[in-house]
Every structure is written in C-alpha cells, then in structure tokens.
Amino acid sequence: MRSVQFSGYGGPEVLEVVEAPEPHAGNGAIRVAVRASSLPPGEMMIRSGRRREQVPATFPHRTGHDAAGVVDEVGPGVDGVRVGDEVFGLAESAGSGANSDFALLTTWARKPPTWNWAEATAAAGSSETSTRVLDRLGVGPGDTVLVNGASGSVGTVAVQLARAHGAKVIGTAGPANQDYVRSLGATPTLYSDGLKDRVREVAPAGIDAVFDCAGGALPELIAITGDPARVVTIADTSAPRHGVHLSHGASPAQAAALGVPADPPARHGLTAAADLAAQGHLRVRIAAAFPLEEVVAAASFMEDPQITGKVILLN
C-alpha cells in the first residue's frame, strides 16, 4: 500500500509516499480502506525538528493519526461494526501511519450521511480532543466557557460541543473570523491584548472554564478565571509552569518526554459528534484537501501561519 513517511528532519520536501506493508486488524482494532485522512500539524512540527528535544522522531516516521473510510477487516474482540461500514476515527497513537491506503483504528464511530469523507476525518481528532477537554473541565448546563482560538479546527468543534452541553460560549478569534465564531453560536471577541477586560464586558458574571486552543496567553487566561485549574490548554507547552493542565493525544512515552500526564482518550466524543452532525448541528472547518500523492504540496500549504482548519489528504 501507499503510505506517507519522512526519514529525516527538514521541510515539507522530506515527506515521501512509499510502498509499505499492509497492516492487519488485531485485538480491539478495525482496518479501514482509507478515503481521507488528516495531515497532523503536530507531526509536521516533529518533522521540522522543532520538537526534537521533547518528542524525538524514530525514522522512518509514518504520519497520520485520524482517518475516514470503509471497514474491510474487524479484529478479535470488536463488536458493533461490520465489513463495509463507513466510519471515521483515530489510530491508537500519533504516528500510526493513517496517511495511507489502509489504517488501523482503535477508536471510531459511524460516518453520518451529512458529512463527506474529508469532513469526517477532519472531525475525528477535533471531536475527541474537544470532548476530552470539556469533560475534564466539567462543562455543563449554565456554565460560561471561554474558547481561546475558537475559529480553528479544534476550536470550531469545541464551541459547538460546549453549546450542545448547554453552556454559553465566548470565543476568541481574529478580526476576519468574528462573524464565523458568531455563526457557531458563540459570542466573539478579539484575542489581542486587553482580553480580560473585553471578556468581562461580554460575560460580567464571570467565566467558569477556559479551553485554550491557541496558546501564548496563559497568564491572562488564568486571570480571567482566577484559578489555573479552571484552564486547560492543548497548545501551550509552558502549561506546567503555570499550574495549567496540558491535554494532548500523545503516547505515554511522548507525554513523559513533555513532562505531563497522559490523558485517557475520550472515545465517546466521536459518537456524540456524529449524532450532532446527523441532526445538522455540527460542522467542521477544512482549509484544503489534496490527493495523497501531493503530500509535499499539502505540507507546504500548511507552512502559512494564517491557515485555519484541517488539511486533508484524499485517497
């Protein structure tokens, strides 16, 4: 099968599509014939070498963590899914090689008919991440939640899931995305200096929890709640110094290298997201889609810091 990998640190040009052995479904896993997969920003940072001290790569490193496709093998101990089902989901850990013709998923849900393949794979990681953080924060009816970076791929889903939990949501974004955040059901505000005062204006009763999808503003986010335990970040590796929890989908070994605990995956988040999508109440944000063989062009596209949304590879 075709699979994307890199064999050394560098720019997008080190990515290559190679012939690799097909994986087969073991205990608790299913194999899908991949129709679409996401190109992971975190793995692109690993590829660049910027994280080699915290998360050193073992070469060759096969990329991809989430995928959507058609089930063609069901491993032992798996119930409720059959060959031929259309699903979306996550491999066991990052770097599991989901940017391939076949991928093994250990967490999955049925693809709702309202999503195409690209939307389904874009939703996989964002739904699990958003659910994991919102559960940790205990977000429920009547809460007021600040989502920092609400217009990105995770922020977009986090806003909608928090709303589905019955929470009021304030979402930060740049000037060009204020209307987009509003369309998701959140009250938008700019993420620049003076955030604390602007949040106080739109939420005078205070903020119960902060979901940081953007990074770089932890002191101000802590000041907004008055308690670092009420802030969870997925983007700021300085979190431990501030007493803030850094939530991520890294393996236990990678978590240990980062000096943070590994969170258990929120597998139920995918089913909840699929149910909302089937009702027309959950949308995802896609920046662009490229054929799998154009992975270098896709990774080059991701180098633009203004990109908002997932970059998808299509099989």
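This text walks through the overall build of the protein and then through one of its sheets.

The model is predicted: local features need pLDDT of at least 70, side-chain atom pairs count only at pLDDT 80 or more, and totals for chains, interfaces and linings use all residues. Residues are numbered from 1 along each chain as its sequence is written, and side-chain values use heavy atoms, without hydrogens and water.

Start with the whole. The protein has 10 helices and 16 strands. Helices (H or I, at least four residues) and strands (E, at least two) are DSSP runs, numbered from the N terminus. The radius of gyration is 19 Å, close to the 20 Å that the globule rule gives for 315 residues, so the protein is as compact as a globular protein of that length. That radius is taken over C-alpha atoms, and the rule is 2.2 Å times the number of residues to the power 0.38. The C-alpha trace spans about 55 × 40 × 35 Å along its principal axes. Of the 315 residues, 54% are buried; buried means under 20% relative accessible area, with a 1.4 Å probe and protein chains only.

Now find the sheet. Six strands form it, open and parallel, in the order S11-S10-S9-S12-S13-S14. Two strands pair if DSSP finds at least two bridges between them. Strands S11 (187-190) and S14 (245-246) stand at the edges with a single partner strand each, so one side of each is left without a neighbour in the sheet. Strands of a sheet pair through backbone hydrogen bonds, either parallel or antiparallel.

Look at S9 next. Five of its five residues are buried. Thr 144, Leu 146 and Asn 148 point one way, while Val 145 and Val 147 point the other way.

S9 has a partner in S10 (residues 168-173), joined by five bridges in parallel. Here Thr 144 has Lys 168 as its bridge partner. The chain gets from S9 to S10 through helix H3 (residues 153-164), in a right-handed β-α-β crossover. Right-handed means that, with the strands pointing away from the viewer, the path from the first strand over the helix to the second runs clockwise.

S9 (residues 144-148) also pairs with S12 (residues 209-212), parallel, over four bridges. Asn 148 stands opposite Asp 212.

Finally, a helix over the sheet. H6 (residues 218-225) lies across S9, S12 and S13 (231-233), and runs at about 150 degrees to S13. Axes are lines fitted to C-alpha atoms, for helices over the stretch in contact, and angles run from 0 to 180 degrees between N-to-C directions. Contact means heavy atoms within 4.5 Å.

Key. Buried means under 20% relative accessible area, exposed over 50%, partly exposed in between (1.4 Å probe, protein chains only).
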